[in-house]
Amino acid sequence: MIDHKIGFIGLGNVGSKLANNILQADYNLFIYDLNKSTSNELVNKGAVWKNSVKEIVDNTSLIITCLPSPQAVTEVVESKLGMIENINNKHLWIEMSTTDEKEMIRLSKLIESKGANVLEAPVTGGQHRAESGNISVLTAGKRENFDRAFPILSEIGFQVLYCGKLGNASTLKVATNYLASINLLSIGEALMVCKKYGIDLKSAYHGIRISSGNSFVHETESQVILNGSYDVGFTMDLACKDVGLFDKLTDKFNIPAAISKLMNKIFNEGLEKYGKRSFSTSIVKILEEQCNVNLRASDFPSQLIDYEPRKKGIEIKF
Ligand code: NAD
């Protein structure tokens with residue numbers, strides 16, 4: 001089945017960018033968010049606002065959700081006027097939120113009981129890559145649902161991985177975010193040692209960038225930390241959700257993951273101190289305050305821009 005009418009629910013920092021990519025590819029886009037003001041820019045570009053999840057379901061065949069928490073996803077699926085009411089065998093639901101694998105599987109069974117189809121497809125690579133259409137997409141579910149979704153996914157992102165049964169993509173996504181979060185915390189400590197030693201932080205940034213300690217997080221998030229804006233387009237509430245979801249998995253499998261426990265504690269302190277909508281990168285402020293030293297350097301941008309040209313997505317095969 002070819003889908004021409006696409007619904008998008010959840011137009012936040014990253015959701016709005018993903019929705020915009022669909023619009024740029026000339027699909028008919030129908031949008032909904034609890035907060036209507038998030039839709040203004042997309043409506044000006046041709047998207048159609050709908051007043052409820054149910055109206056999205058009624059007007060589309062493919063529905064994408066990009067929501068801040070498993071609770072929000074449950075609400076969108078199960079509440080009155082939610083997806084469950086009118087979804088049927090013409091529909092494909094693509095879940096792009098970073099969510100709880102167990103809840104994902106439970107909700108997918110409900111949706112499938114209505115004859116509809118489900119694919120999970122969380123994204124990874126940050127807001128700047130969401131904006132440029134170069135974000136990575138991890139997908140799982142029935143292969144035929146992946147094949148149906150691919151034309152849309154290849155407009156939203158660049159590297160698209162299919163990794164098997166439902167639950168796999170959500171698990172992989174929280175595992176990779178766990179690694180990114182550890183990186184972020186350790187970058188704060190590494191830069192602080194350099195600064196205390198008297199190394200200019202611009203040199204430190206580039207020294208790390210060309211050496212074995214380099215990482216995606218360093219190349220991107222370190223820049224907005226050094227600038228002082230911390231503006232990475234990803235907020236502390238979401239970071240806490242993600243490290244919490246990873247920790248839940250370590251408990252599920254009785255893995256004595258000491259780093260995960262410590263990291264959850266630190267991120268929850270960050271949430272308490274700086275608030276839900278502070279940027280996740282603000283977590284290094286804890287160290288900056290403890291040391292009474294800031295990690296600033298000149299010539300770093302306040303926001304990240306992906307300078308890679310927009311490319312049509314490809315499936316990663318191995
Ligand atoms: P966000 O918090 O900026 O936005 C979430 C949006 O969902 C808000 O506009 C909110 O009003 C809306 N919403 C909440 N509950 C709703 C409901 N019941 N019905 C309709 N709309 C509702 O989040 P974001 O940064 O766009 O991230 C969305 C998802 O993508 C999260 O699961 C996040 O972990 C994941 N993600 C984010 C990034 C990033 O860089 N921001 C990157 C990869 C993945």
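A residue counts as buried under 20% relative accessible area, as exposed over 50%, and as partly exposed in between. With a relative accessible area of 44%, L81 is therefore partly exposed. The model in which this residue is described is a predicted one.

The overall form of the protein is considered next. Its secondary structure comprises 14 helices and ten strands. For a chain of 318 residues, a compact globule would have a radius of gyration near 20 Å, and the value found for the protein, 20 Å, agrees with this. Along the principal axes, the C-alpha atoms occupy a box of roughly 65 × 45 × 40 Å. Of the 318 residues, 53% are buried. When contacts between residues at least 6 apart in sequence are taken, 70% of them join residues at least 24 apart.

L81 belongs to the loop between α4 (70–78) and α5 (83–86). Its phi is positive, at about 65 degrees, although L81 is not a glycine. L81 is also one of the contacts of S52, which touches Y32 as well when neighbours within four places in sequence are left aside. S52 itself is placed in the loop between β3 (48–49) and α3 (53–59). The relative accessibility of S52 is 10%, so this residue is classed as buried, whereas L81 is partly exposed.

A positive phi is also found at D26, where the angle is near 70 degrees in a residue other than glycine. D26 lies in the loop between α1 (15–24) and β2 (28–32). Its relative accessibility is 72%, and D26 is therefore counted as exposed. A further case is N292, which follows α14 and has a positive phi near 55 degrees.

Helix α14 spans residues 283–291, and I283, V284, I286 and E288 are buried in this helix. These buried residues pack against four helices, namely α9 (168–197), α11, α12 (236–252) and α13 (258–274).

Strand β4 (residues 62–65) contains I64. The relative accessibility of I64 is 0%, so I64 is classed as buried. Apart from neighbours within four places in sequence, the contacts of I64 are I6, G7, F8, I9, I22, I94, M96, I152 and I156. Between I64 and Q223 the C-alpha to C-alpha distance is 31 Å, with a separation of 159 residues in sequence.

Helix α8 (residues 143–156) includes P151. P151 has a relative accessibility of 39% and is therefore partly exposed. In sequence P151 and I314 are separated by 163 residues, while their C-alpha atoms are 10.0 Å apart in space.

Empty space in the model was also examined. Rolling a probe the size of a water molecule over the atoms shows where such space is left. The second largest pocket has a volume of about 270 Å³. Its lining consists of 13 residues, of which H128, T220, Q223, I305 and D306 are the closest to the pocket centre. By class, five of the lining residues are nonpolar, four are polar and four are charged. At least two lining residues come from each of α7 (127–132) and α11 (216–227). The greatest contribution is that of α11, which gives four residues to the lining.

Helix α7, which takes part in this lining, also holds Q127. Q127 has a relative accessible area of 17% and is therefore buried. Beyond residues up to four places away in sequence, Q127 touches N13, V14, K17, V232 and G233.

Notes: Residues numbered from 1 in each chain as written. Predicted model: local features only at pLDDT ≥ 70, side-chain atom pairs only at ≥ 80, totals over all residues. Heavy atoms only, no water. 1 Å grid on protein atoms, 1.4 Å probe; cavity = no way out; pocket = protein on both sides within 12 Å on 5 of 7 lines; lining within 4 Å. Points joined across faces, edges and corners; volume = space filled by probe spheres on them. Nonpolar A, V, L, I, M, F, W, Y, C, P; charged D, E, K, R; others polar. Rg over C-alpha atoms; globule rule 2.2 N^0.38 Å. Buried < 20%, exposed > 50% of the residue type's maximum accessible area, 1.4 Å probe, protein only. Contact = heavy atoms within 4.5 Å.
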